Structures are given as C-alpha cells and as structure tokens.
Amino acid sequence: MAITVMATVEKINKVAKKPALLAACFILSPTTLAGEWTFVPSLGFTETFSDNVELTKQEQTSSFVSQLIFGFDANFQSKDALISFSGTETLAAYSHNSDLNDDFQTMQLEGLFSLWSSGPQLIISSDISNVSQSNSNNSLADLVSGDTVQRQIHSAGLQYNIQNSHHILDSSIIYSVTESEDNIGDSNGYTAILNSKNGNAARAIFWQITGNFSNLKNNSLQGENYSLESKLGAITSWRLNPFIRYYNERITGNIPATNPDTTPSWGPGVQWLATKNFTLDVSYNYVQEGNDNSDDYLAANVDWQPSARTSLKAGYNQRFFGDSYNFELTHQTKRLKNLIYYTETIEIFDRYSYQEEKSGDFWCLSPVSQDTASSDCLSAAQPPSDTTNYQLVAFNNLVPVENNEFTLNKRLLWTSTLNLSRTSFKFTASTREREALSTHIIDDYITADFKISRKTSARSALDFLVSYSENTFDKNNPNGSRQKDIYKSISTTYSRELASSLSAFFTLRFLDRESSVIDRTYNEVRASINITKDF
C-alpha cells in the first residue's frame with residue numbers, strides 16, 4: 001500500500017525564517033516544489049541455506065544466513081521536478097560464525113529539477129551498494145558469501161539541453177565523489193560533456209561538436225582527460241557536403257601513462273547524403289610533421305536509420321593508442337528488442353587493479369604440480385615430523401590495489417529481449433578488455449546470461465536463469481600472475497503475490513567455479529526463501 005501526500009507551496013514568506021529552506025527557494029520555484037509524494041515502506045525477511053558458505057574446495061561449511069530487510073521507497077513528481085529514492089537496511093546473521101553478523105545499507109537516489117522554463121536542470125544522483133571486495137577472489141560476492149565492501153558514489157551538477165529545428169545541444173557538468181570502505185577506487189572531481197550540432201532547418205552551414213572532459217583526484221594524485229572532435233561544412237544541393245574536421249585528445253596528470261604523444265589532427269572531408277536516412281562522413285586527417293608516433297589517416301562515420309525502429313551508427317578514428325572504433329545497432333519490433341553496442345573509453349581510479357602477493361609458505365607432499373592447493377598442504381609454522389617427502393612451497397595470490405594509472409577499456413554489449421503474451425526471453429552478453437596504459441597489463445571479462453520468465457498465473461511467476469562468466473587477469477603473463485576464473489550457474493525462482501501488499505519468492509541456485517588457482521575451485525548450492533510486506 002503506497003502512502004501519497006500532496007505537497008503544495010503556498011507562500012514563500014512562510015519559510016523566510018528558515019535559512020536552509022529559503023536558500024532552496026532561490027533555486028527551486030514554487031511550481032517546482034508543488035507535486036505529489038509517494039512513499040512505500042517495506043519489511044522483508046530472507047533465509048538462505050548454503051552448503052559451502054566459505055566457498056572452499058575442501059572441508060566445506062554449511063550455514064543458514066538470515067537477513068531482515070527494512071526498505072523504503074519514495075517518489076516525487078511535479079511539473080518541473082522528479083525525485084526517486086530507494087533504500088534498504090539489512091541485518092544479516094550467519095549461523096556458522098556469529099562474528100560475521102553485521103548490518104548493510106543500500107541506496108539509490110535520482111533527482112532532476114528545472115531551474116526555470118526551457119533553462120538548465122539541476123541533476124543529483126547518489127548510490128550506496130555492496131560490491132565485491134576483490135574480483136580475483138570472488139567476482140560474484142554478495143551478502144551471503146560476506147566478502148563485500150560498501151561503495152558510495154554521489155554526484156550533482158547541471159545539464160542543459162536544446163532540441164529544435166535550428167540547434168541540438170546536449171551538455172552537462174557534474175561533480176562526483178566515490179568512496180569505498182577499503183579506500184580502493186576512491187576519487188573526486190568533475191566531468192563535462194558537450195554535444196552540439198545543427199538542426200534540420202540548416203540550409204547553408206552544418207556543424208557538429210563532440211567534447212568530453214574529466215578531472216579526477218585521489219588524495220595527491222590527479223588525472224585529466226579531454227577529447228574534442230568538431231566538423232564545420234557547407235550544405236550543397238548535390239548531396240555531397242564538404243567539411244573541415246578537427247580532432248584532439250590529451251591525458252595529463254601526475255600519474256603514470258600521462259602526457260602521451262597525442263598530436264592534434266585536422267583535414268578536409270566530405271559528407272555523402274545517400275538518402276534522407278543514410279549519411280556517410282569520410283575525412284583525411286593531417287598530423288603535425290615530425291611526429292613519428294602517428295601518420296596521416298582516414299576517419300569515417302556512418303549513420304543509417306532505415307526505419308523508425310532500426311538504427312545503425314558506426315565510426316573509425318585514430319587515437320593516441322592506435323585504431324579506434326565505435327558501433328551501435330538498435331532494432332525493435334512489437335515483441336523483439338535488440339541492442340549491440342561497442343565503445344572504447346579512457347578511465348582512471350577504479351577497483352580493478354591487482355598485484356601478486358605471497359600468501360604464505362606450505363609443506364606439500366612431493367611431487368608438487370599445478371593441481372596442488374595450499375589446502376592440501378601444511379603450514380610452514382606446523383611442519384611435519386619428517387619432511388623427507390615434502391617440499392616447502394610458496395603460494396601467491398592476486399590482491400586488489402589502488403588504480404593510479406589510466407586504463408583503456410574496450411566494451412561490447414549485446415542484449416536481445418523477446419516478449420510474448422505470458423513468457424519473455426532475455427539474452428545478454430558482454431565483453432570487456434581493460435589495458436593499463438603504463439604497465440600494459442591486460443584483463444579480460446566475458447559474461448553471458450539467458451533468462452526465461454513465465455507468468456504462471458495472475459499472481460505468480462517462474463524464472464529460469466543460466467549464467468556464465470569468465471575473468472582472465474594479466475592474460476599475457478602465463479608464467480607469472482595470470483589467473484583465469486570461470487563461473488557457471490543455474491538458478492530458478494518462483495515468486496507469488498500472497499496478498500495486495502504481501503509477496504514471497506523461493507530460489508534454488510547451483511554454482512560451479514573453475515580457477516587456475518586450485519584453492520578457488522569449488523561449487524555451491526543455495527536455497528533461499530523470502531517474504532516481504534509493503535505498507
């Protein structure tokens with residue numbers, strides 16, 4: 001049951017005695033503050049049984065994990081404002097080890113406020129979540145396995161958008177703060193985006209500007225990255241429009257892999273309007289003479305919309321790291337939706353850098369092979385009485401460290417959704433190649449999910465999910481810190497509405513993990529039951 005409140009501002013002078021509220025009134029007009037609030041508090045309880053809660057290869061430990069979940073959702077909508085809030089407080093108890101008992105918080109907040117009619121908008125965002133402490137240890141970590149850390153991301157800024165027959169503009173400037181419980185991936189700073197082009201009413205001149213800028217800090221470390229692409233051309237009656245293209249990109253700061261040879265380039269090009277919905281841009285770009293790291297090159301972009309439901313965009317460019325591509329294909333029918341997306345981005349201060357550290361020395365039976373795990377051996381502090389048939393072996397593992405260098409991230413995403421009258425099918429696949437620009441360490445991530453959802457009745461549903469993920473750390477160093485993990489899981493969930501504001505679900509999941517680190521090869525079976533009451 002939702003609780004609805006009508007909030008109407010009647011007189012500004014009623015809040016003049018409260019400085020904080022008065023300051024807000026200077027930003028938000030009375031019409032912005034007049035709107036409808038909807039509140040939905042909830043109380044839920046989840047009981048989960050795991051036959052291997054510590055995720056070990058041997059001497060597996062079973063446990064019941066109890067979670068009492070207090071939830072609160074709120075939404076506000078008015079003519080000039082939108083606010084969405086969702087938060088939970090979870091009290092977790094572990095039957096196998098009460099020292100792990102703890103409370104966990106999550107929150108998602110999104111806000112959009114129009115400062116005046118057709119003017120800029122104030123945007124705010126806040127996210128609190130519990131993420132894997134280390135993907136090399138367990139990339140599927142959650143509250144049941146217990147190896148998570150809390151991460152907070154808060155941001156606020158302005159966006160200004162224009163769309164008419166003369167001018168199209170998308171712009172924003174945002175300040176953000178990222179903080180983690182273990183201080184890995186922390187950063188603060190601002191980003192700016194500027195996308196501008198002419199509208200359909202242009203008859204003599206066309207232009208296009210795409211710019212991105214970011215300046216992020218982590219304590220005394222700082223990294224700055226910007227890129228700018230602009231085109232300016234003349235519109236002719238022959239479907240061939242000449243233009244001049246300029247491109248520049250730069251990364252700077254006091255961290256490794258900054259100040260690479262990113263010489264600006266410029267050159268002439270031509271735009272071919274093959275049809276009303278098909279555009280091809282080709283340009284020949286000159287690089288400053290004397291630069292041995294880059295040659296003159298061709299750049300091209302395609303924009304094709306064969307129908308209102310299909311769109312294709314693709315591009316090729318030369319950047320400081322070499323060839324660069326982008327691609328986006330969307331297709332939608334009444335029941336089927338498809339998206340294929342590829343992009344390349346420069347990032348800094350994330351949680352995905354690792355270094356190899358010694359985990360300890362162990363006495364292992366000879367001969368020692370790649371299949372020997374530390375759990376099969378004895379600690380160096382407790383040697384066997386006779387070490388004749390034993391070897392003292394050092395075991396290493398990857399641990400997360402602060403990422404204080406720029407990384408190149410190449411991402412590919414494919415999603416397909418088919419919605420039938422009572423059944424839906426969804427397939428999602430993604431890849432990510434992450435290369436550190438100073439150390440040239442490359443990590444690969446691959447995921448694939450297939451989900452079937454069936455509406456079994458007006459009040460119940462059945463979901464079936466198959467998931468696969470493959471993580472390869474330092475993949476080009478097989479004789480060193482290279483680690484490869486494969487996760488395969490199958491789960492099914494039955495959910496039912498017991499009453500208008502009372503719901504429940506039951507989930508079974510089987511997980512199998514294979515790892516080049518033998519101690520991290522295991523399987524787990526989980527069973528979870530939940531009941532939630534909305535108020």
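Q: What makes Cys364 and Cys377 a disulfide?
A: In this predicted model, the sulfur atoms of Cys364 and Cys377 are 2.0 Å apart. The definition requires a pair of cysteine sulfur atoms within 2.5 Å, so the pair qualifies as a disulfide. A search of the whole structure finds 1 disulfide.

Q: Where in the chain do Cys364 and Cys377 lie?
A: Cys364 belongs to strand 19 (residues 353-365), while Cys377 sits in the loop between strand 19 and strand 20 (378-379). The two cysteines are 13 residues apart, and both are buried.

Q: Why is the disulfide of Cys364 and Cys377 called right-handed?
A: The torsion about its S-S bond is about 110°, and the disulfide is therefore right-handed.

Q: Why does Trp266 count as partly exposed?
A: Its relative accessibility is 47%. Buried means under 20% and exposed means over 50%, so Trp266, between these limits, is partly exposed. Trp266 lies in strand 13.

Q: Which elements give two or more residues to the nonpolar patch?
A: The patch covers about 1200 Å² of surface, and its residues include Trp266, Trp238, Leu240 and Tyr284. Strand 12 (240-253), strand 13 (265-275) and strand 14 (278-287) each give two or more residues.

Q: What makes up the largest nonpolar core?
A: This core has 9 residues, among them Leu216, Ile251, Phe349 and Leu437. A second, separate core has 7 residues, including Val65, Ala92, Leu143 and Val144.

Definitions and conventions:
Residues numbered from 1 in each chain as written. Predicted model: local features only at pLDDT ≥ 70, side-chain atom pairs only at ≥ 80, totals over all residues. Heavy atoms only, no water. Patch = residues over 30% accessible without salt bridge, like charges linked within 9 Å, V, L, I, M, F, W, Y side chains within 5 Å. Areas by Shrake-Rupley, 256 points an atom, 1.4 Å probe, with all protein chains shown as cover. Salt bridge = Lys/Arg side-chain N within 4 Å of Asp/Glu carboxyl O. Helix = DSSP H or I, 4+ residues; strand = E, 2+ residues; numbered from the N terminus. Buried < 20%, exposed > 50% of the residue type's maximum accessible area, 1.4 Å probe, protein only. Core = buried A, V, L, I, M, F, W, Y, C linked by side-chain atoms within 4.5 Å.
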